[in-house]
Amino acid sequence: MENATLKLRGMSCASCANNIEEAIRSVPGVEVCSVNFGAEQASVTYDPSKTDVAAIQEAVDAAGYSAQPMQDNVLAPEADTERRERQAENRKLTRKVWVSGIVSAILVIGSLPAMTGLPIPFIPMWLHNPWFQLVLTTPVLFWAGSEFFVNAWKALKRHTATMDTLVAIGTGTAYLYSLFPTFFPQWFVNQGLNPDVYFEAAAVIIALILLGGLLQNRAKGQTSEAIRKLMGLQARTARVIRNGQEVDVPIAQVVLGDVVLVRPGEKIPVDGEIIDGSSTIDEAMVTGESIPVKKHPGDEVIGATINKTGSFKFRATRVGKDTFLAQIVKLVQQAQGSKAPIQRLADQVTGWFVPAVIAIAILTFILWYNIIGNVTMALITTVGVLIIACPCALGLATPTSIMVGTGKGAENGILIKGAESLEMAHKLQTIVLDKTGTITQGKPTVTDFVTVNGTANRNELKLLQLAASVERNSEHPLAEAVVQYAQAQGVELVDAREFEAIAGSGVQGYVSDRLVQIGTHRWMNELGIDTSRLQQHWDKLEYLGKTVIWIAIDGKIEAIMGIADAVKPSSVNAIRALQKMSLEVVMLTGDNQRTANVIAREVGIERVFAEVRPDQKAATVEKIQSEGRIVAMVGDGINDAPALAQADVGMAIGTGTDVAIAASDITLISGDLQGIVTAIQLSRATIRNIKQNLFFAFIYNVAGIPIATGILYPIFGWLLSPIIAGAAMAFSSVSVVTNALRLRNFQPKTRS
């Protein structure tokens, strides 16, 4: 199976999205199809042995719309064509709005004497002449409003109906009816009827709906602001070293293996690995972390991040569509094009909405004509019903909020793979956290350093220099922790000689003619070295579940170090914040029970699953689910992938493995657990916004259509003008999109 994402053109309402979905699904070989009206995208899964993208495009064309495959390289200059096309469409719409708006204003002013029944001296008689109004209205209807009629005709040929059908029938009926009193006014007079015309209603309705479409188009353009921001982050050029010369080239010409030079203050053009020099780099754009990160040779750098202090050279390892930034943009685009389960109800309603409205309009005309016998009133109510009904508001309610929500997630270092994950996150009841690499740093860190003689005369730093100078010759992870601790304290390491590693015991060597031995308590006893002076500290560190190494100089114990997988600085606050959100937090680890309990106590977790083998993690998540809980699993390693897939929502730490990230629904780029809190807050805010939109859309239609039928006339003697109906219809969609755009103001609540 292969996946394709198509950019759609020609949709005017949610009914169009349903029509395209049906057309694509009818293509043999298409397995899954989801059309998102808000994002104007179709996501298709198909069997390449039975069909291809060209056949799917033909099916969309045959349905009266157009489809183009989306760019693989989302950062390529041509990938920004959507913005340019939307701007061109806005310019065209703006012209039509101005022309139809000015004409409508003239027509309404000219019709005021007839509407009010009052003589208005400053309005010349010729302004409400039917022939004059006919001449002005015709270009508004058939130039400015041409797309409504063209699309309605296309829909009719396919035996379907859309919002364009409603607008075309409504305005067309008002226009055609007005032709009769214009051409045959005497006939109406002979029948005892006023030869009233409704040209101004047809023109104003077109003008208002076009204005609504323009505002909606502009607002929808803003829902993709997050993607534009991300695309705008990339550098335009790169300084590449070729044939020993520094050459500035466009970013698209950087190839794998190129050596790139970056100076202070410059953006890093592509992803790579530092080979010479060091610097601090601002990675806030991908991780959300404001503190710059120190980078040395061998460290990875990410394209579009900002070099702060030093100059360095790096080798390009990912370019073009494979860069981290391109992958983020692609993920956000896919998420924005996906459908949330909450949208299903709106989709089901829009499927029968337009035919139902046409039926109600016909019934309204028949009832009014039979009861009152007045064709004018029957016409006003019929046109009002056709015009006020708005499937667009229903179709936009969910996707616009999803587009803004997923984009906002990316801004906060949270990649959400689909609308379903975003929706599910607000229902979560239990968060299962893997210990190593998720709650903790995932690597040994020196947490305690206790010396026999204290810190007088820089004794502590001198011991640290001796120990680290020996340990840097070892490849053991604990040795690396000692060396990193020494470097962090600003200790300068010196050469060691006669280095020797004793398997299962420790290491030894000479530094400045002093014998340095570092190892286990058992090894010290075997060497006959007295450890009693630090025995009490050893017992305490052992109780806390830490690994303890002893340091002896010239046969005498001088210090011990406690080494543990340290808790991330943000973990305690993040876990506390989750608990305040009424979420149960559970720890899952393969470590022994004692170590697990120590970490759990430190971060405030009560429920712990310890000594769980990698192949048992998914079963443990399933066990929690069997208690009726909706569960999120958060992990970073390959061994977490099955559990991430098993959970209702899998969250991968972005600093983890590609396998874990691939198996997850949400990726926290920074590796900071605060990202879980932000993701759930964002999910809750997005779903709340969607429910508001759906409420507005349903209430608007449920209340608006009966009012348009004239249900209030027998009680209050009030009929809805088709002009007001047109205004209400135009602005119902705009209000839904505007409400969705409020999500752009989302800010994660401050840390606990």
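Student: How many aromatic pairs does a search of the whole structure find?

Tutor: The search finds 11. Rings of Phe, Tyr and Trp (its six-membered ring) pair if their centres lie within 6.5 Å. This is a predicted model, where local features need pLDDT of at least 70, side-chain atom pairs count only at pLDDT 80 or more, and totals for chains, interfaces and linings use all residues. Residues are numbered from 1 along each chain as its sequence is written, and side-chain values use heavy atoms, without hydrogens and water.

Student: Why is the pair of Phe 183 and Phe 184 called tilted?

Tutor: Planes under 30 degrees apart count as stacked, over 60 as edge-to-face and the rest as tilted. Here the planes stand at 45 degrees and the centres 6.4 Å apart, so the pair is tilted.

Student: What makes Phe 183 partly exposed?

Tutor: Its relative accessibility is 45%. Buried means under 20% relative accessible area, exposed over 50%, partly exposed in between (1.4 Å probe, protein chains only). Phe 184, at 48%, is also partly exposed.

Student: Why are Phe 312 and Phe 314 called a tilted pair?

Tutor: Their centres are 6.2 Å apart and their planes at 45 degrees, so the pair is tilted. Phe 312 is buried at 1%, and Phe 314 is buried at 0%.

Student: How do you know that the charged end of Lys 96 sits over the ring of Trp 143?

Tutor: The charged end lies 5.8 Å from the ring centre. The rule asks for NZ of Lys or CZ of Arg within 6 Å of the ring centre and within 35 degrees of the ring normal.
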